[in-house]
Amino acid sequence: MKKMVVLTGAGMSAESGISTFRDSGGLWEQYRVEDVATPEGYARNPQLVLDFYNQRRKQLGEVQPCRGHELLASLESAYDVTVVTQNVDNLHERAGSRRVIHLHGELMKVTSSRNPNDVRCIRELTPEHCEIAWGDRAADGSQLRPFIVWFGEAVPLIEKAIEEVERADVFVVIGTSLNVYPAAGLLNYVPEGVPVFLIDPNTVGWHSSRPVVHIRKGASEGMAELIRLLKNYNL
Ligand code: OAD
């Protein structure tokens, strides 16, 4: 089986009804990144941050994977697919994707404020009990916090993602503005000669001289088009 690595961003989940960050009307117009997605913001006003992610979790319970997520999961019958996602939602998994690397953490998980990557403290919330409150404790006794990689924090899974990208036979990018590193830098690890496809209705800041087939469509239509193209390219 050929190995396909797919890098996804907020545009992947846009058709499920989850706002992207940087498009007009996106989340970063309603909230300041520094307030809700940095360790400093959390130290300043933890309640605001806990509320922000409680709301995101509640919203996640109200949406479903889109056709794009489903088509991507269906490719596992023909390819060895690894999804490397910047998204913290669980829509890839809910659509049936089996190998998903969450670079920026997972919304449905919570962890220790003292040591966020301590596996003994990471636990998954359920859709029924998806809120955390000030005073809720992790296994190490510290305040529970969202299992999200905030700006300025290390991205522990990047090494694993790089290893996957280096072994790709086909690389696909879906719905990311490629503004955020190290995720955006993964493109540099795609072996020479490996075909690269981009699904995004808009122009993306593509800081690479690499040839790319840009499918200018949303995630669902774009995935259908990708499946046609893969056949044409004999991939
Ligand atoms: P952005 O909001 O920066 O980019 C979203 C991309 O999706 C843009 O290129 C849009 O053109 C595209 N898009 C919009 N609608 C689409 C659709 N229906 N189908 C396909 N693409 C569509 O989101 P990301 O690049 O994912 O990090 O942002 C990266 C990181 O920045 C996020 O993981 C988050 C954020 O701050 C943290 O919170 C740590």
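Which residues around the ligand come nearest? Of the 23 there, Arg22, Thr176, Ser177, Asp200 and Asn202 do. A residue counts as near if one of its heavy atoms lies within 4 Å of the molecule.

## Basis

This is a predicted model: local features need pLDDT of at least 70, side-chain atom pairs count only at pLDDT 80 or more, and totals for chains, interfaces and linings use all residues. Residues are numbered from 1 along each chain as its sequence is written, and side-chain values use heavy atoms, with hydrogens and water left out.

## Ligand shell

The shell holds nine nonpolar, ten polar and four charged residues. Here Ala, Val, Leu, Ile, Met, Phe, Trp, Tyr, Cys and Pro are nonpolar, Asp, Glu, Lys and Arg are charged, and the others, Gly among them, are polar. Helix H1 (residues 10-14) gives the most, with three residues. Helices are DSSP runs of H or I with at least four residues, strands are E runs of at least two, and both are numbered from the N terminus.

## Polar contacts

A polar contact is a pair of N or O atoms within 3.5 Å. An N or O atom in the Glu15 side chain is 2.8 Å from a ligand nitrogen. On its own the ligand has 810 Å² of accessible area, and the protein covers 93% of that. Areas come from the Shrake-Rupley method with a 1.4 Å probe.

## Sheet

Three strands form an open sheet, ordered S5-S4-S6 with antiparallel pairing. Strands pair if DSSP finds at least two bridges between them. S5 (123-124) and S6 (144-148) are the edge strands. Two bridges join S4 (residues 105-112) to S5. Val110 has Arg123 in S5 as its bridge partner.

Methods
Polar contact = N/O pair within 3.5 Å; in protein donor to acceptor, adjacent residues only side chain to side chain.
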